[in-house]
Amino acid sequence: MTSAKDKPSALVRWQEIQDKLQGKRPLFFLDYDGTLSPITAHPKDARLPPKMKEVLEDLSRRYFTAVISGRALADIKELLGDMPLYISGSHGFVIETDAGVVFRLPEAARYRKDLEEAYLLLKEKISSLPGVVLENKDFSIAIHDRMVEEGFKPIIRTTVAETSTLFPRLKMNAGKCLFELKPALDWDKGKAVQWILDSISFDPKRECPIVIGDDVTDEDAFRAVKGNGVSIFVMGEKTETHADYILQNTEEVALFLQLFSTMQ
């Protein structure tokens with residue numbers, strides 16, 4: 001990975017990106033929190049801004065569009081509303097096509113007991129801390145500490161790490177003001193992007209994936225399209241990335257996506 005601040009802006013290099021497409025049809029893979037919606041103190045408040053909703057609705061009518069999120073599938077579907085999208089939840093462990101067909105990674109089902117027991121243990125130990133938010137999702141547990149006072153945050157980190165040790169079949173990841181526990185499987189957003197590309201018979205001679213995301217888990221998706229696509233990192237707390245370009249915030253993401261409405 002290299003420093004994000006040294007990457008060129010996708011807006012400034014718009015012509016360069018058009019040249020990379022070279023007449024190929026873009027395929028969009030978009031993160032939700034921090035990419036389509038600004039990061040909020042509580043995850044339930046992360047609604048699509050009106051402008052972004054308008055842009056996403058237009059984009060999904062014109063081009064293949066997938067939203068690849070760490071949220072539970074039902075949660076991200078409720079936030080997006082009725083659009084012709086592929087939607088991936090729990091970092092790719094669950095994927096729903098635009099026709100409503102749902103794929104769940106078969107191996108992940110064997111980890112449900114571990115996830116449930118780990119969630120109950122975390123709930124017992126830290127749910128009473130002011131500001132902490134626990135989510136028991138399809139195939140992962142999220143522990144949000146954005147609203148937690150600084151003095152309590154080390155307690156949360158230590159408790160999640162200890163819980164991860166107690167459940168060796170789960171792995172711990174850290175993101176923007178959150179920790180996650182998920183099955184220790186070789187599966188991530190990058191694998192989800194590749195699964196979707198395979199399912200739609202991706203043709204690199206005629207199509208070009210464009211991946212946009214803002215967090216650690218999106219790096220797997222950036223790597224998945226290296227050589228065949230375009231990757232864009234949305235600036236924030238993270239400082240290094242594998243992405244080709246950057247955008248400063250969700251407002252710039254909307255401006256960038258809107259440019260495709262004028263393409264022939």
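This is a predicted model: local features need pLDDT of at least 70, side-chain atom pairs count only at pLDDT 80 or more; totals for chains, interfaces and linings use all residues.
I take contact to mean heavy atoms within 4.5 Å.

Residues are numbered from 1 along each chain as its sequence is written, and side-chain values use heavy atoms, with hydrogens and water left out.

**Phe-260.** I looked up its contacts, leaving out residues up to four places away in sequence. Phe-260 touches Trp-14, Leu-21, Pro-26, Phe-28, Leu-59, Tyr-63 and Ile-210.

**Core.** Phe-260 is also among the residues with the most contacts inside the largest nonpolar core, along with Phe-29, Ile-143, Phe-256 and Leu-257. That core has 84 residues. Such a core is a set of buried Ala, Val, Leu, Ile, Met, Phe, Trp, Tyr and Cys residues joined through side-chain atoms within 4.5 Å; buried means under 20% relative accessible area with a 1.4 Å probe, protein chains only. Helix α4 (residues 112-126) gives the largest share, six residues.

**Sheet.** I traced eight strands in an open, mixed sheet, ordered β6-β5-β4-β3-β2-β11-β12-β14. Strands are DSSP E runs of at least two residues, helices H or I runs of at least four, numbered from the N terminus. Two strands pair if DSSP finds at least two bridges between them. The edges are β6 (102-104) and β14 (245-247).

**Inside the sheet.** I checked β11 (207-213) against β12 (230-234): they pair in the parallel sense over four bridges. Ile-210 has Val-230 in β12 as its bridge partner.

Note on methods:
Buried means under 20% relative accessible area, exposed over 50%, partly exposed in between (1.4 Å probe, protein chains only).
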